[in-house]
Amino acid sequence: MENITSVKGEKTKYKLAYSMKECMRTTPVENITVKQIVENCGLTRQTFYRNFLDKYDLINWYFDKLLLKSFEHMGQGRTVSDALVKKFTYIQEEQSFFAAAFRYDSQNSLRQHDFELILDFYENLIRTKNGKILDEDTHFLLEMYCQSSIYMTIKWVLGELNCTPEKLAQILVKGMPGVLEELFTELGILN
C-alpha cells in the first residue's frame, strides 16, 4: 500500500511541476500564485500544500529530481566532468523552466538550493572516497568553487554564455582550484 501511495504522490508532484512550468512560460516566478498552479492542473490548494511548502519548494523538488540523475551518474564511478555534462544536459532540456527559476534569487531560491546540494554532494563524495572530512582551507575552496560554478551555470541558462553542456563542463573543470584538482585526481573522479 505504501508503495502505491508513494507512486501516486510522485505523479501528483510531477503534475504540479508541469503546471508550474506552464505558468512560468508567461509569468515571472515571483508573480505566480499557488492558485494559478493548482487551477492549471485541476488539483486543490490542499493537495499542493500536502506536497510542497511553497512554489519555491516545488521548483527545488523538480531540480532535485534532475540533479539526482547526474549524482547517480557520478556515483557509478564516472568523473566530475561526466556528471556536470549530465546535469547541464538535463537543465538544457528544461531550459525555459530553469531560466525562469534561476532569475529569482531571494528566499528559498534555486541558486541557494543548488549550492547547498552541490556542496553537500562533493563533501559526502570526498568523505566516502577517502574517509576524511575536509580541512578548513579546502572546504573554503570547495565552497568558492561551487558558488562560482553555479554563477556560471546561471549565466549559461540565461543565455549570457553560449556553449554546449560539454564545453561548459570542460570550462568548469579547468577552472577548479589546484588543491581541489589534486584531491579529485587522487580520488579518481577528475576527467
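Before the helices are discussed, one definition is needed: an axis here is a line fitted to C-alpha atoms, for a helix over the stretch in contact, and the angle between two axes runs from 0 to 180 degrees between their N-to-C directions. Please keep in mind throughout that this is a predicted model.

Helix 5 covers residues 80-93 and helix 8 covers residues 136-157. Their axes come within 11 Å and cross at roughly 35°. The crossing of helix 5 past helix 8 is right-handed. On the side of helix 5, the contact is made by Leu-84, Phe-88, Ile-91 and Gln-92. Helix 8 contributes Tyr-145, Thr-153, Trp-156 and Val-157.

I turn now to the nonpolar core. The largest such core has 63 residues, and within that set Phe-98 and Phe-184 touch the most other members. Which residues does Phe-98 contact, leaving aside its neighbours within four places in sequence? They are Tyr-62, Phe-63, Leu-66, Ile-91, Leu-110 and Val-157. As a general remark, nonpolar side chains tend to be buried together in soluble globular proteins.

Finally, the charged side chains. The whole structure contains five salt bridges, and I shall describe some of them.

In one, the side chains of Glu-10 and Lys-65 meet at 3.1 Å, N to O. Glu-10 lies in helix 1 (residues 2-24) and Lys-65 in helix 4 (residues 55-75), so this pair ties together parts that are 55 residues apart in sequence. Glu-10 counts as partly exposed, at 25% relative accessibility. Lys-65 also counts as partly exposed, at 22%.

Another salt bridge joins Glu-94 and Lys-21, at 2.5 Å, N to O. Here, too, distant parts of the chain are linked: Glu-94 is in the loop between helix 5 and helix 6 (95-103), Lys-21 is in helix 1, and the two are 73 residues apart. Are these residues buried or exposed? Both Glu-94 and Lys-21 are buried.

A further salt bridge is formed by the side chains of Arg-25 and Glu-22, at 3.1 Å, N to O. Arg-25 is exposed, since its relative accessible area of 56% is over 50%. Glu-22, at 41% relative accessibility, counts as partly exposed.

Notes
Residues numbered from 1 in each chain as written. Predicted model: local features only at pLDDT ≥ 70, side-chain atom pairs only at ≥ 80, totals over all residues. Heavy atoms only, no water. Core = buried A, V, L, I, M, F, W, Y, C linked by side-chain atoms within 4.5 Å. Buried < 20%, exposed > 50% of the residue type's maximum accessible area, 1.4 Å probe, protein only. Contact = heavy atoms within 4.5 Å. Helix = DSSP H or I, 4+ residues; strand = E, 2+ residues; numbered from the N terminus. Left-handed = near helix turned anticlockwise from the far one by under 90°. Salt bridge = Lys/Arg side-chain N within 4 Å of Asp/Glu carboxyl O.
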